Amino acid sequence: MTRRFLRHSHRALRSTLAGGRRESVSVEKTRLLRQGLMGGALVASCLLPWGSVAAESSSDAEKIERLERQGALLQQQLDRQNEVIKELREEVSRATRKSEKKQTEQAKRSEPPVNSHAKETQPRAVPAFASMEATLPAPTEQEILTGTQPAVPITLPQFGGVRFTLWGWLEAATVFRNHNTVNDMLTVFAAIPYPYSPLYKEHEFHGTARQSQISLLAEGDIDSAQRLAAYFQLDFLAVGQESNYLVTNDWPLRLRHAYLTYDNDNWGFHLLAGQEWSMMMPNEVGIVPRKELIPLTINANYLVGYQFTDNMQIRFVKDFDNKLWFGLSLENPATSLAPGIPAIVNGLAINATNTGTGGFLQGVPVTPSVAPDIIEKVAWDPGWGHYELLAIQRFFVDNALCVTAAPTGCTPGTATAKTTVGAGVGGNFLLPVVKKYLEVMGGMFYGRGIGRYGAGALPDVTIAPDGSLTPLTALHAWAGIQFYPWQGLTLFGYAGLEQNSASYFGTFGYGNPAFDNSGCLTPTAMTFATGTSATCVADNKRLVDAKIGFWQDLYKGPMGRFVLGVELEYIKRYAFSGIGGAPSTDDEVAFTSLRYYF
């Protein structure tokens, strides 16, 4: 009977444990079953002596031996139950880890809020099919003000599993410059006028809505780990053939961004193809599109020393647990040429740029190219701050025709395409110094032929004695601070520098001390008539920029955001020394902006 009881208890326990596997029985239930088994074993051990006493013919030795065998059998059965319980616990633990891993992978698909000042926003009600959007983190102040994320997402009807989100802003902005640069909302830092120009004594004031933006995002999930997306962003900063400030103030749409992305969370792999901010641009987190670290300026050209372009590219990114990121980007090339590259130098006729023909590039200057710009980036998000290292390789091409053999020894009548290489290294950082209140950021880049990527637009190359293009050595640096004293107010301050080194021979090159700067400070009838001066070459050596400003919410709610922005800026332009000295000039600029974000 005792054995039947144990067998029955054993079968009941195994049945219960098997059911537990199917139903994910908790460890607490397993503990109670174990206690029940031990109690049953104790009752059985108490009944055993009664059975043995009933056999009066048995000797004491036989009784002891039988009891020992029965005790050993009970111990074996208890050991087996312990093993089963251990297996069940391990299975529960594996199921728990698998569930947590799945939840982690799903969480990775939501881009995390990266600015320390992220604040909750009140989302607009969305249809049931967009319930996944409710799990996305609220966009940060930085992302809303720069337009990379919606203030109040407008979710459009879903088609075939594809979700569409529309957002943007409408702006009424003004700009005032002490010295006229005829630039509208985008300051060309390297073209601030010298006193010889009639623009120097003129002020500039414009009001415009041209910076208004429209963004459209389409997303579709292949499965729980893979996602496809496409993104468009447009503004009105293009110039049409009939654009003017006289009557209609009409300005055509301009393509800012148009790209597609593929993300695989299981592999930690991300692909981007299309027109997007260059990977040279700093990020808030990882190497993630629409998470760029963009200054909060009203000035559409941001800040001297800041690295940015908007390029067609193919970008490959690998992340490791969303903490360490490696990126490689192949980007559309173009060359910023120094002024004064001659048509003939040392018996060589030089062709370094061409004018586009046909309907797509009619009249557009295009420099020759043989390969894309190659950019590498490593980004690290350890939990406090964001850090980047980056590098670039570039290829500069021109075509030289040998006109006379001297002095280069070339064969007259032969043409040769010449290629030179430029490269640079640098980094960026973002530090949440006081969480939710104060952030410090900045970056630096040094190399040869990197001028195109700086907001100051200093040249990449000048001419070399053999007719090739020689890259100019340059330094770009910027720093900023963003302060959030209370909800709805953002204060900012930035400073930046760009500097080129001289490269010259004979009477050619860039920053040549033989160039004439004697007329930069003296206006004449000729300079007033033409806006130029033969006695003011004044190649740019250094640009310096400093600015402060704020954004203040006037309304923030389910209908979007209405904000007021003000920016005050000081810019200094320095020239290389030449005949007549090293002139400099400056400008003071004030911007205002009223924006409605939706």
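Start at the second largest pocket, which has a volume of about 1100 Å³; a pocket here is an open set of points on a 1 Å grid over the protein atoms alone, where a 1.4 Å probe fits, with protein on both sides within 12 Å along at least five of seven lines, and lining residues have an atom within 4 Å of a point. Select L186, R254, N301, F308 and D310, the closest to the pocket's centre of the 43 residues that line it. This is a predicted model, in which local features need pLDDT of at least 70 and side-chain atom pairs count only at pLDDT 80 or more, whereas totals for chains, interfaces and linings use all residues. Residues are numbered from 1 along each chain as its sequence is written, and side-chain values use heavy atoms, with hydrogens and water left out.

Within β6, select L255, which is partly exposed at 42% relative accessibility, a class that lies between buried (under 20%) and exposed (over 50%), with a 1.4 Å probe and protein chains only. The C-alpha atom of L255 is 6.9 Å from that of D235, 20 residues apart along the chain.

Finally, move to the surface and select F320, L324, F326, V378, W380 and L389, a nonpolar patch with about 560 Å² of accessible area together; its members have over 30% relative accessible area and no salt bridge, and nonpolar side chains are joined within 5 Å. Strands β9 (324–331) and β14 (373–380) each give two or more residues to the patch.

Notes. Patches are made of residues with over 30% relative accessible area and no salt bridge: like charges are joined within 9 Å, nonpolar side chains (Val, Leu, Ile, Met, Phe, Trp, Tyr) within 5 Å. Accessible areas come from the Shrake-Rupley method with a 1.4 Å probe; for residues, only the protein chains shown count as cover. A salt bridge is a side-chain nitrogen of Lys or Arg within 4 Å of a carboxyl oxygen of Asp or Glu. Helices (H or I, at least four residues) and strands (E, at least two) are DSSP runs, numbered from the N terminus. Grid points are joined across faces, edges and corners, and a volume is the space filled by probe spheres set on the points.
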